[in-house]
Amino acid sequence: MAKKTEATVEEKLRALYDLQLIHSRVDTIRNVRGELPLEVEDLEDEVAGLNTRLEKLGGELSLIDDQIKAKKILIEDAKAAIKKYTEQQKNVRNNREYNSLSKEIEFQELEIQLAEKNIREFRAQIEQKNEVIDTTKERVEERKKHLKHKKEELDEILAETEKEEQALLAKGESYEDQIDERLVKAYKRIRSNVRNGLAVVAIERGASGGSFFTIPPQIQVEIAGRKKIITDEHSGRILVDEELAKEEQQKMESIFSKI
């Protein structure tokens, strides 16, 4: 805690800018990974979705198969009924009974025709669903291969960058220890609110880095004096002079090369 109390404004500014350089490098490493983690996640979800679809199609095929079996049983029952009614016609006592049995036979024949039609329709559905299943299986295999490639690519990048990222984050924590807790919180708040993560920027050609708004000459003099923490009134970023920025960039490049 004593170090925090005794640190000069210039020391705080240097530590803040160093912290920014560290975090910007971490951002660069994470940008190298880019959208790969999300791509891998999306591919995993897609493969899972396709497998769920295959399971659903398999269940639908099983249901259709059961329906075909039921229709075949119905046909056999109808044929048995026709045989029974035909035999009964041989023993009828009048035309009314004969006609009644004839209507029953006709009804059973219609039932057979309808059941056979249903079976043809069911088989057409099976053929159609099998085509969808084959296409889906091909899609699953293609997506699995793509997923495997993306995972290998991500693992390779992680292997190359994870160690450096962890070392940088640890180094960043050591710099935070040199800065007032209030300033660290302000730095993190600003960093989270700006698109590029730059909470501490240098004056470049009379304007804050990444901004088109000119800093008044008097303010530029105060920033160069390094006697107080000054923020850009437009973006809220903490400002440092160009010379300090160059010195810290050179120092940090040397540190980065050893990580």
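In which helix is glutamate 138 found? In this predicted model, glutamate 138 belongs to helix H4, which spans residues 95-176. Its side of the account begins with solvent exposure: glutamate 138 has a relative accessibility of 58% and therefore counts as exposed, since the exposed class begins over 50%. Glutamate 138 is also part of a patch of negative charge on the surface, where it gathers with Glu127, Glu131 and Asp134.

From the helix, attention may turn to the sheet. Four strands make up an open sheet, in the order S2-S1-S4-S3, and their pairing is mixed. The edges are formed by strand S2 (207-208) and strand S3 (230-231), each of which pairs on one side only. In general, strands of a sheet pair through backbone hydrogen bonds, in either a parallel or an antiparallel manner. Here, S3 and strand S4 (residues 238-240) run antiparallel and are joined by 2 bridges. Within this region, isoleucine 230 stands opposite leucine 239 in S4.

Strand S1 covers residues 200-204 and includes valine 201. Is valine 201 buried or exposed? Its relative accessibility is 4%, so valine 201 counts as buried, the limit for that class being under 20%. Valine 201 can also be placed relative to arginine 237: the two residues are 36 residues apart along the chain, and their C-alpha atoms are separated by 6.8 Å.

Technical notes. Residues are numbered from 1 along each chain as its sequence is written. This is a predicted model: local features need pLDDT of at least 70, side-chain atom pairs count only at pLDDT 80 or more; totals for chains, interfaces and linings use all residues. Side-chain values use heavy atoms; hydrogens and water are left out. Patches are made of residues with over 30% relative accessible area and no salt bridge: like charges are joined within 9 Å, nonpolar side chains (Val, Leu, Ile, Met, Phe, Trp, Tyr) within 5 Å. Accessible areas come from the Shrake-Rupley method with a 1.4 Å probe; for residues, only the protein chains shown count as cover. A salt bridge is a side-chain nitrogen of Lys or Arg within 4 Å of a carboxyl oxygen of Asp or Glu. Lys and Arg count as positive and Asp and Glu as negative; His and the chain ends are not counted. The place of a charge is taken as NZ of Lys, CZ of Arg, CG of Asp or CD of Glu. Buried means under 20% relative accessible area, exposed over 50%, partly exposed in between (1.4 Å probe, protein chains only). Two strands pair if DSSP finds at least two bridges between them.
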